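Take a moment with the sequence and the 3D view below. Then follow the text one step at a time.

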Amino acid sequence: MQQITAIVKPFKLDEVREALSELGANGLTVTEVKGFGRQKGHTELYRGAEYVVDFLPKIRIDLVVPADRTEIMIEAIIRAARTGKIGDGKIFVTPVLQAIRIRTGETGPDAL
């Protein structure tokens, strides 16, 4: 099992969710986060005053998938989230050693 964590632009959430659902993703967790990468934030004008926005709004999507489904899920996220502009996001993949469904006690892939 692998955990896929994707950081994407907020307006891309629905497209990413639909792409993952079409591939049979059983569930995912979505969190509103703020951060910056190479963008380093930007300057905005509010009521005539300039201010720096250091952290930009992003969406973090976490899902755990069987190891043999990891690449196809990653490709779907990339296709759905890509705009071709700076700040499209990142994807991180980490191994999952154990999964347990609390309600039933199922473990491993059955818990997904």
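How many of the 10 residues of strand S5 (residues 56-65) are buried? Seven of them are, so strand S5 counts as mostly covered, given that buried means under 20% relative accessible area. Keep in mind that this is a predicted model.

Now look at the partners of S5. Strand S1 (residues 2-8) pairs with S5 in the antiparallel sense, over seven bridges. Within that pairing, Gln3 stands opposite Val64 in S5. Strand S2 (residues 29-35) also pairs with S5 in the antiparallel sense, and this pairing has seven bridges. Here Thr31 stands opposite Arg60 in S5. Lys34 faces Pro57 of S5.

Step back to see the sheet. It is an open sheet of four strands, and the order is S2-S5-S1-S6. The pairing is antiparallel. Which strands form the edges? They are S2 and S6, and each of them pairs on one side only. Neighbouring strands of this sheet are turned against each other by 20° on average, with direction ignored. In a regular strand, side chains alternate between the two faces of the sheet.

Helix H2 (70-81) lies across S1, S5 and S6. Its direction is at about 5° to that of S1. Two packed helices are described by the angle between their axes and the distance between the axes. For H1 and H2, the axes come within 8 Å and cross at roughly 150°. H1 and H2 are therefore roughly antiparallel to each other, since angles over 145 degrees count that way. Which residues make the contact? From H1 they are Glu15, Val16, Ala19 and Leu20. From H2 they are Met73, Ala76, Ile77, Ala80 and Ala81. The crossing of H1 past H2 is right-handed.

Turn to the interior. In soluble globular proteins, nonpolar side chains tend to be buried together. The largest nonpolar core here has 17 residues. Those with the most contacts inside this core are Ile4, Val16, Leu20, Ile61 and Leu63. Which element gives the most? H2 does, with six residues.

Find Ile4 in the view. Leaving out residues up to four places away in sequence, Ile4 has a list of contacts that includes Ile61, Leu63 and Val65. Met73, Ile74 and Ile77 are also among the residues that Ile4 touches.

Lys9 is in the loop between S1 and H1. Is Lys9 buried or exposed? Lys9 is buried, because its relative accessible area is 13%, and the cut-off for buried is under 20%. Beyond its neighbours within four places in sequence, Lys9 is in contact with Lys58, Thr83, Lys85, Ile86, Gly87 and Asp88.

Ile100 sits in the segment after strand S6 (89-95). Ile100 counts as exposed because its relative accessibility is 55%, and exposed means over 50%. Outside four places in sequence, Ile100 touches Glu106, Thr107 and Ala111. How far is Ile100 from Lys34 in space? The C-alpha to C-alpha separation is 30 Å, and the two residues are 66 residues apart in sequence.

Methods: Residues numbered from 1 in each chain as written. Predicted model: local features only at pLDDT ≥ 70, side-chain atom pairs only at ≥ 80, totals over all residues. Heavy atoms only, no water. Buried < 20%, exposed > 50% of the residue type's maximum accessible area, 1.4 Å probe, protein only. Helix = DSSP H or I, 4+ residues; strand = E, 2+ residues; numbered from the N terminus. Pairing = 2+ DSSP bridges. Core = buried A, V, L, I, M, F, W, Y, C linked by side-chain atoms within 4.5 Å. Contact = heavy atoms within 4.5 Å. Axes fitted to C-alpha atoms, helices over the stretch in contact; angles between N-to-C directions. Parallel < 35°, antiparallel > 145°, perpendicular 65-115°, else oblique. Left-handed = near helix turned anticlockwise from the far one by under 90°.
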